[in-house]
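This report describes the overall dimensions of a protein model and then turns to selected local features.

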Amino acid sequence: MSSGSILIKNGYILTLNPQRQIFRDGAIYIENEKIVEVGKAEDLKAHKAERIIDAKNKIVMPGLIDTHIHLAQALIRGCADDVALVDWLKKYVWVLQGNFTHDDGRVSAELCMAEMIRTGTTSFVECMIHSRYGFDGIAKAVEKVGMRGALSKIVMDSTGYADSADIMYPGMVENADECLTETEQMYNKWHGKADGRIQVWYGLRSLGGVTPELFKDVARKTREKNTHMTMHLGEVIDDVRYVKENFGTNLTGFARDHDLLGPEMIFAHGVQFEDAELKVLAETKSNIAHCPASNTKLASGFAKIPQMLKLGVPVSLGCDGGPSNNTYDMIREMRLAALIHKAVVRDPLVVSAENVIEMATLGGAVAMGIDDKVGSLEVGKLADIILIDMHDLGLTPSVNPVSNLVYSGNGLSVDTTIVNGKVLMSNKQLLTLDEEKVKHKARTHIVDLLDRAGTDISPKWPIL
Ligand SMILES: [Zn+2]
């Protein structure tokens with residue numbers, strides 16, 4: 001018996017290996033953080049594991065990878081519903097985030113991670129940590145909780161947003177020196193730490209929020225450090241106007257001229273690209289984090305995912321944030337991604353269940369630059385694995401578990417979450433976070449935050 005060994009048996013295993021094999025009555029043997037064997041239970045060597053997990057009636061699959069989230073927005077879930085984007089930012093989101101304390105930042109990160117683990121996400125890309133959320137505290141929380149995460153420090157040096165000048169809430173403004181110094185410090189302290197689970201990236205704020213010189217500087221620093229960068233691009237049509245009016249080009253032209261294209265970049269949203277630009281994304285292997293819930297709720301439009309997949313653009317999935325989604329449940333995100341494009345192009349054959357599962361696993365691993373380590377269940381890869389209970393009412397009967405998971409599922413059917421060979425949730429119970437405590441803290445902190453920010457969030461109907 002090896003210490004730190006786990007045997008998962010009797011499962012319906014979606015391997016996501018190159019042949020996309022499924023093992024019915026399958027088993028996986030894990031030693032320490034790695035997958036040692038995977039296959040039909042009857043073909044596996046007789047392992048004596050320290051822990052045996054019975055996966056009868058459960059899907060066993062790679063952990064889900066969310067490539068665009070805001071950890072700080074879990075606390076402000078539901079604080080900007082049914083409003084237009086500029087109001088959404090100026091009256092609610094920036095005002096609330098601009099009043100965060102480091103404590104709020106940590107409480108929000110823990111709430112967000114609790115929900116992610118509960119709903120089967122094992123890795124995530126946090127796209128912009130402002131200094132007022134407390135980067136160090138958030139990194140410590142990730143270390144303790146056991147998830148795998150890329151933490152991007154926000155980089156900005158201008159108070160605009162797309163083609164609107166000077167609209168940033170004062171509490172959200174940072175200057176370039178502060179941003180770059182903190183990224184440097186946090187990179188030195190955290191990159192590759194927590195058994196390799198934490199990465200530190202650059203989180204470029206947006207067009208209009210970063211000057212051309214700073215874009216170029218960050219692109220160079222990213223490559224020097226062999227890390228990654230991410231930014232919101234083409235979420236709103238104003239982005240297209242901004243690059244046309246100021247630089248006489250389109251989104252990919254701007255990105256090319258500022259060294260932003262390449263596999264080390266995740267563009268979040270990417271709704272506004274013209275058809276001809278998709279080829280550029282494919283050729284440069286620039287990643288897209290597709291955020292269908294956020295794009296529909298904020299009425300941004302529809303990313304051209306069917307065309308992107310056809311051309312080979314690397315596409316992954318993102319839940320975005322608490323005021324834009326309003327969940328961090330990747331199974332619900334997969335469902336929406338599989339549904340909306342069919343209606344947009346009026347073709348039920350585009351963006352299949354298999355396509356969205358690939359986006360949520362392998363696609364995410366590629367976007368994070370860790371596809372040699374996670375994203376599929378194969379010998380030698382790290383054990384980032386989830387089990388989903390297919391006996392849940394809404395999933396019954398389950399004749400084709402693959403499409404059933406996507407079209408009928410939600411994250412609350414996830415039963416077990418394992419990251420780096422460590423069980424973070426078993427029997428739907430979180431093991432590295434106290435769920436009740438996390439929820440209690442969130443309820444208390446949001447009341448104080450709304451009070452401090454002077455923001456009123458009430459239903460439109462009379463409350464008696
Ligand atoms: Zn976002």
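## Overall form and local features

Of the 464 residues of the protein, 53% count as buried. The model is predicted, and the protein contains 14 helices and 17 strands. A compact globule with 464 residues would have a radius of gyration near 23 Å, and the 21 Å of the protein agrees with this. Among contacts between residues at least 6 apart in sequence, 76% join residues at least 24 apart.

| Property of the protein | Value |
|---|---|
| Radius of gyration | 21 Å |
| Span of the C-alpha trace along the principal axes | about 65 × 50 × 50 Å |

**A buried strand.** Strand β5 comprises residues 58-62, and five of its five residues are buried, so β5 is largely enclosed by the rest of the structure. Strand β14 (residues 385-389) runs antiparallel to β5, and five bridges join the two. Within this pairing, Val 60 has Leu 387 of β14 as its bridge partner. In a regular strand, side chains alternate between the two faces of the sheet.

**An exposed loop residue.** The loop between β14 and α13 (401-408) holds Thr 396. Is this residue, Thr 396, buried or exposed? Thr 396 is exposed, because 11 other C-beta atoms lie within 10 Å and a residue counts as exposed at 12 or fewer.

Conventions
Residues numbered from 1 in each chain as written. Predicted model: local features only at pLDDT ≥ 70, side-chain atom pairs only at ≥ 80, totals over all residues. Buried ≥ 20, exposed ≤ 12 C-beta atoms within 10 Å, placed from the backbone. Helix = DSSP H or I, 4+ residues; strand = E, 2+ residues; numbered from the N terminus. Pairing = 2+ DSSP bridges. Rg over C-alpha atoms; globule rule 2.2 N^0.38 Å. Contact = placed C-beta atoms within 7 Å.
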